[in-house]
Amino acid sequence: MMAITNQESNPSIIKTQTIMAANSRLTCRTNIQVLVTALCVFHCVQGWSGSLQNHLRGPQEIHRLRLALNEAISNDDGAANTRPLQSKKADKKPKAMPITRRKQVRKTIQSWRIFGVEVHPDDLQLHANDKRTKQDSQAAFLHPSVLTSLSKRLKTTDYTNVRIVRRSLDARMKRRPDGTVGPRFVYVLDVDTKARLKQQPGRTELQPANITQQSVSSVDNLNAESLVNKRVIIVGAGPAGLFAALQLAKSGVKFILLERGQPVERRGRDIGALMHRRDLNIESNFCFGEGGAGTWSDGKLTTRIGRNSQTVRSVLETLVEFGAPSSILLEGAPHLGTDNLVRLLRNMRKHLRGLGGEIRFGTKMTNIIIKNGAVSGVAYESVPSGERGEIPFTHEVEAQGEIHGDAVILATGHSARDVYERLHDAGVQLEPKGFAVGFRIEHPQKIINKIQYGNEWGPSVVTGKVPTDVANAEYFAEPASDRSNHNGTLPVPSYRLATDDAFDGERNRGVYSFCMCPGGQIVPASTDPDEVCVNGMSFSRRDSQWANSALVVTVDANDSVLDEYKEPHGVLSGIAFQRDMERRAAVMGGGNLVVPVQRVTDFINEVASTSTPASSYRLGTKPAACHDIYPTCLTTALRHALVHRFDGQMDGYICDDAVLHAVETRTSSPVRIARDEVNLKAVGIANLFPAGEGAGFAGGIVSAAVDGISVGEAVIDSLTGNTRERDQLQRRQSTADSFY
């Protein structure tokens with residue numbers, strides 16, 4: 001304290017400190033003025049753009065900055081003239097800080113994707129018919145219990161605009177958030193909120209703002225005049241052919257679509273004649289006709305090529321546009337069912353014709369016309385089609401003839417074996433590819449209910465069909481279940497099984513279930529009365545008393561089981577093998593499309609069945625030794641998978657009520673038409689564009705449709721000379737070998 005007093009009483013020290021303070025203020029003032037001047041110059045040069053504009057918004061900000069600077073300097077000068085000098089410690093306390101306006105932090109609304117929002121089935125209280133409601137699927141699925149679970153998950157109710165992205169059922173018996181154990185519905189939701197959430201990939205993800213969906217259409221930047229006089233021939237009205245036609249029609253390209261089978265209404269009558277009178281129409285049946293083989297199936301829309309991809313989403317939205325329930329956009333495992341597909345296909349046909357397309361049913365391609373290394377058209381033969389209340393075209397169609405065009409899209413299914421033969425004879429490059437063969441296995445649905453849901457939840461499966469629901473209730477009546485504790489319902493369960501290490505006696509093979517049809521039936525997929533092949537189908541309600549699935553083993557392109565077929569058939573050896581197995585099954589069944597069957601327990605023990613339970617196959621079954629149909633190595637691999645893999649994954653899968661139906665051979669094409677990876681043209685043949693399952697580049701409704709879109713784009717590129725961006729070309733290649 002004495003030191004400070006002596007310091008203040010010394011005039012020389014006071015003078016020195018005053019000069020130093022003045023110099024400091026002068027230096028500070030000069031530096032700030034120089035900075036402001038520099039900012040002004042920068043403003044003049046840059047025109048208030050870039051980062052400066054974000055901080056100093058116009059000349060008025062400079063003016064305010066100068067006023068604040070002058071005021072601060074004036075206040076500082078006044079304080080210097082009146083304030084006595086103090087020590088450093090004392091000087092800090094009364095130092096006046098410039099008054100600044102606190103920056104207001106405004107919370108903006110952000111869109112977040114929330115994964116894994118779980119809801120107890122009892123809280124959801126699904127009714128058996130909820131999934132078939134005609135109201136908006138968002139409103140139907142967004143039960144109040146979903147919002148309750150979401151609030152608990154986010155620990156806030158500060159959110160709006162909740163949208164369902166996906167809903168699926170997790171049937172695993174694991175612990176729920178409420179501490180109980182059992183199945184739960186799992187939601188993926190998009191919400192808008194001001195709450196500050198933590199970015200956690202796969203749990204909570206911030207969604208990019210202003211997401212714009214790019215159209216998959218190819219016409220935006222094309223010269224439309226170059227397409228006016230072009231005509232494209234499409235062979236096959238399955239998913240690939242129909243979506244290729246839709247893509248062409250959007251671009252203004254005229255097309256003519258040839259389908260060997262009949263439209264769905266006439267096809268339905270032909271299938272009825274087969275099921276009631278065994279009258280097989282070899283050109284209109286479960287395989288051939290409008291919509292392809294997938295029309296009379298379960299109508300699965302699952303795919304391995306990326307459910308969230310732009311093109312897959314476009315396919316699903318297109319299906320909804322033509323009559324599919326909007327719930328397929330939200331369900332984790334969407335399916336249509338045959339009944340929905342029939343209505344949808346009629347609407348799509350009408351739309352395509354309204355866009356100027358020509359569709360001919362009952363018209364079979366008999367040959368492909370190639371001149372100078374390029375396809376110029378196709379030869380055909382035609383029979384009358386039966387379309388109700390429609391005039392498909394105004395001119396008469398000859399019973400046979402030729403149609404010429406600028407390009408040909410070959411979108412036939414893999415059951416059109418004669419097409420492969422015509423292509424091979426014409427010199428089109430074909431490649432053998434792997435495929436799978438086996439049986440269709442069938443269980444009573446109530447057994448699958450128990451395996452998947454257990455005694456507690458198995459009774460919760462309600463279909464709305466009295467015989468099925470009564471059979472399920474009686475099955476779980478003894479011993480008494482815990483059904484009384486639950487008021488929620490569960491959907492009819494399905495399953496999926498696969499292994500890569502099924503031992504065949506020499507090496508491991510892949511064995512897997514395929515096209516599982518819960519609440520479905522087994523149907524004949526034969527296209528020749530001397531061959532027996534089966535498939536599965538379900539209606540949208542999935543309310544039959546049976547569950548069936550293909551159970552197949554892989555056959556490689558160079559597999560030893562094909563050796564005896566290679567010399568006489570070459571690249572078509574896989575087709576010859578399939579035919580041989582189907583003919584063996586026909587002989588074992590006794591003909592007339594009767595299917596040989598065998599209990600799974602007898603198959604494992606390698607003994608012929610002498611009796612079998614009731615079957616959903618309506619044309620008759622015959623107990624037999626189905627294990628004798630295929631080569632021993634394939635049967636051994638199937639047996640190994642059943643005993644050592646699948647029964648462990650699904651306890652009770654092997655039982656006396658499980659029955660194998662012979663044979664399932666047409667899971668995929670054993671041949672691929674070689675095509676260029678970029679322009680999608682057949683290798684070595686100009687203007688020919690293979691597409692879909694029959695060409696070997698898809699497996700299932702969705703992947704075939706996606707491939708059809710890609711091929712449609714490729715045709716437009718070829719006709720216009722347009723070069724598509726690489727990312728779009730990459731999407732074209734993603735569909736190969738994409739089997740569900």
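Select residues 264–277 to begin: this is helix H10, whose 14 residues reach 19 Å from the first C-alpha to the last, close to the 20 Å expected at 1.5 Å a residue. Helices (H or I, at least four residues) and strands (E, at least two) are DSSP runs, numbered from the N terminus, and the expected span of a helix is 1.5 Å times one less than its number of residues. The model is predicted: local features need pLDDT of at least 70, side-chain atom pairs count only at pLDDT 80 or more, and totals for chains, interfaces and linings use all residues. Residues are numbered from 1 along each chain as its sequence is written, and side-chain values use heavy atoms, with hydrogens and water left out.

Remain on H10 and display its side chains. Val264, Glu265, Arg267, Asp270, Ile271, Ala273, Leu274 and Met275 are its buried residues; buried means under 20% relative accessible area, exposed over 50%, and partly exposed in between (1.4 Å probe, protein chains only). These buried residues pack against helix H12 (338–354) and strand E16 (521–524), where contact means heavy atoms within 4.5 Å.

Proceed to the second largest cavity by selecting Pro239, Gly291, Leu341, Leu345 and Ile701, which lie nearest its centre among the 13 residues that line it. Helix H9 (239–250) and H12 are the elements that give two or more residues to this lining, and H12 supplies the largest share, 4 residues. The cavity holds about 110 Å³ of space. On a 1 Å grid over the protein atoms alone, a cavity is a set of points where a 1.4 Å probe fits but cannot get out, and lining residues have an atom within 4 Å of a point. Grid points are joined across faces, edges and corners, and a volume is the space filled by probe spheres set on the points.

Now select Cys287. The structure holds 0 disulfides, a disulfide being a pair of cysteine sulfur atoms within 2.5 Å. Cys287 is in no disulfide, and the nearest cysteine sulfur, that of Cys533, is 6.7 Å away. Cys287 counts as buried because its relative accessibility is 10%.

Finally, select Ser226, in the loop between strand E4 (204–206) and strand E5 (231–235). With 24% relative accessibility, Ser226 counts as partly exposed.

Note on methods:
1 Å grid on protein atoms, 1.4 Å probe; cavity = no way out; pocket = protein on both sides within 12 Å on 5 of 7 lines; lining within 4 Å.
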